Amino acid sequence: KACNFDEMGNCSYHGERVDCDGQPLYCTNSKAFNHLDMGDCDTTFNSIEDLPVTTTTDNNDNTIYTLKKDITLHTLSELEIDTDMTFDGGGFSITYEGTKDWEGLFQPVSSKTGFVVKNIILELGSANIKSGYGGIIGKGSSSITNYEINIINCSVLQTSGYIGEGGGGICGSYCKNIVIENCYTTGDIE
């Protein structure tokens with residue numbers, strides 16, 4: 001469609017990626033999941049597949065998700081941990097800029113979960129970690145008892161937020177059978 005539709009004179013057309021006023025028709029936020037894709041920027045997620053990740057499998061057919069870039073989240077939505085998966089943050093930052101207390105990045109949902117989380121830099125800024133929850137693993141459940149999770153080379157950074165009662169910088173309450181290696185948090189304990 002011409003930019004000057006219904007006007008006298010020669011037709012004038014915009015480029016594929018800008019509107020008639022020269023404004024981009026694609027996402028310009030470099031931390032959005034759909035950076036440079038056509039349409040509005042998307043910083044929400046409901047599953048690991050919604051994140052900018054590459055997906056591969058290892059020799060045992062375990063799924064490995066590797067983050068491809070820094071991302072910023074504005075809303076909360078814990079990712080469900082499934083069996084025989086690895087999430088590799090690749091050393092990229094996941095920054096939370098929402099207003100609600102943080103409830104964890106991942107949540108175990110099955111008693112048969114075996115999961116590896118590694119190389120994540122979780123930046124919570126001034127956000128608090130909700131009571132009973134953790135930065136990387138949210139809040140386990142007393143009914144989910146037979147899972148094994150390894151958290152390796154991860155950091156949870158808070159500039160002024162605190163860790164709520166019964167919570168943890170890396171893992172929340174009811175966390176069992178979790179191995180945490182070379183990880184740290186900078187949050188104050190409430």
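## Briefing: an all-strand chain and its cysteines

Among contacts between residues at least 6 apart in sequence, 65% join residues at least 24 apart. The model is predicted. The chain has 15 strands and 0 helices. Of its 190 residues, 37% are buried.

**Surface**
- The chain's accessible surface comes to about 10200 Å².
- Carbon and sulfur atoms account for 43% of that surface.

- Strand β6 spans residues 93-96.
- Both of its faces are covered.
- Ser93 and Thr95 lie on one side, Ile94 and Tyr96 on the other, and all four residues are buried.
- In a regular strand, side chains alternate between the two faces of the sheet.
- Strand β3 (residues 71-73) runs parallel to β6, and 3 bridges join them.
- Within that pairing, Ile71 has Ile94 of β6 as its bridge partner.
- Strand β9 (residues 121-125) also pairs with β6 in the parallel sense, over 3 bridges.
- Here Ile94 stands opposite Leu122 of β9.

**Cysteines**
- The whole structure was searched for disulfides, and 0 were found.
- Cys154 is in no disulfide; its nearest cysteine sulfur belongs to Cys183, 4.6 Å away.
- Cys183 is likewise in no disulfide, and its nearest cysteine sulfur is that of Cys154.
- The two sulfurs do not count as a disulfide because the cut-off is within 2.5 Å, whereas they are 4.6 Å apart.
- Cys154 is buried, with a relative accessible area of 1%.

Technical notes:
Residues numbered from 1 in each chain as written. Predicted model: local features only at pLDDT ≥ 70, side-chain atom pairs only at ≥ 80, totals over all residues. Heavy atoms only, no water. Buried < 20%, exposed > 50% of the residue type's maximum accessible area, 1.4 Å probe, protein only. Helix = DSSP H or I, 4+ residues; strand = E, 2+ residues; numbered from the N terminus. Pairing = 2+ DSSP bridges. Contact = heavy atoms within 4.5 Å. Areas by Shrake-Rupley, 256 points an atom, 1.4 Å probe, with all protein chains shown as cover.
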